[in-house]
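Trainee: Could you take me through the sheet in this model, and then the side chains around it? I would like the cut-offs along the way.

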Amino acid sequence: MLYMIQIHTMGACEGTLACSTCHLIFEKHIYEKLEAITDEENDMLDLAYGLTDRSRLGCQICLTKSMDKMTVQVPDAMSDARQSIDMGKNS
């Protein structure tokens, strides 16, 4: 059975690698099988809260059959640019 979690702030950039809201922490045996991380993804991960040595951006991961029944963790907090306020617009 597949369980889906509805998280309203996940993937704010819709996979364009422009934020870190899809930050996920993978199990070690899954993380080791993922394709190499790009410099661009590393730059975005630098903005993520709760970064670990098994952190990746979910929008950059291609799911495979070997990932069936995997478990990922979602960090306790996240950086979401949609919640920042442009003070220049209010003055």
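Mentor: Ile-25 stands opposite Gln-73 in β3. Strand β1 (residues 23–26) and β3 pair in the antiparallel sense over two bridges; two strands pair if DSSP finds at least two bridges between them. Helices (H or I, at least four residues) and strands (E, at least two) are DSSP runs, numbered from the N terminus. This is a predicted model, where local features need pLDDT of at least 70 and side-chain atom pairs count only at pLDDT 80 or more, while totals for chains, interfaces and linings use all residues. Residues are numbered from 1 along each chain as its sequence is written, and side-chain values use heavy atoms, with hydrogens and water left out.

The open sheet has three strands in the order β2-β1-β3, with antiparallel pairing. Its edge strands are β2 (55–57) and β3 (72–73), each pairing on one side only.

The term stands for a side-chain nitrogen of Lys or Arg within 4 Å of a carboxyl oxygen of Asp or Glu. One joins the side chains of Glu-41 and Arg-56 at 2.8 Å, N to O. This pair links distant parts of the chain, with Glu-41 in helix α2 (residues 39–45) and Arg-56 in strand β2, 15 residues apart. Both Glu-41 and Arg-56 are buried, where buried means under 20% relative accessible area, exposed over 50%, and partly exposed in between (1.4 Å probe, protein chains only). Asp-53 and Arg-54 also meet in a salt bridge through their side chains, at 4.0 Å, N to O. Here Asp-53 is exposed, at 63% relative accessible area, and Arg-54 is partly exposed, at 27%.

Glu-41 has another partner to look at. Gln-60, in the loop between β2 and β3, is in contact with Gly-15, Leu-17 and Glu-41, leaving aside neighbours within four places in sequence; contact means heavy atoms within 4.5 Å. Gln-60 and Gly-15 are 45 residues apart in sequence and 7.2 Å apart in space, C-alpha to C-alpha. Gln-60 is partly exposed, with a relative accessible area of 29%.

Finally, the cysteines. A search of the whole structure finds zero disulfides, a disulfide being a pair of cysteine sulfur atoms within 2.5 Å. The sulfur of Cys-22 has its closest cysteine sulfur in Cys-59, and at 3.6 Å that is too far for a bond. Cys-22 counts as buried at 7% relative accessibility, whereas Cys-59 is partly exposed at 30%.
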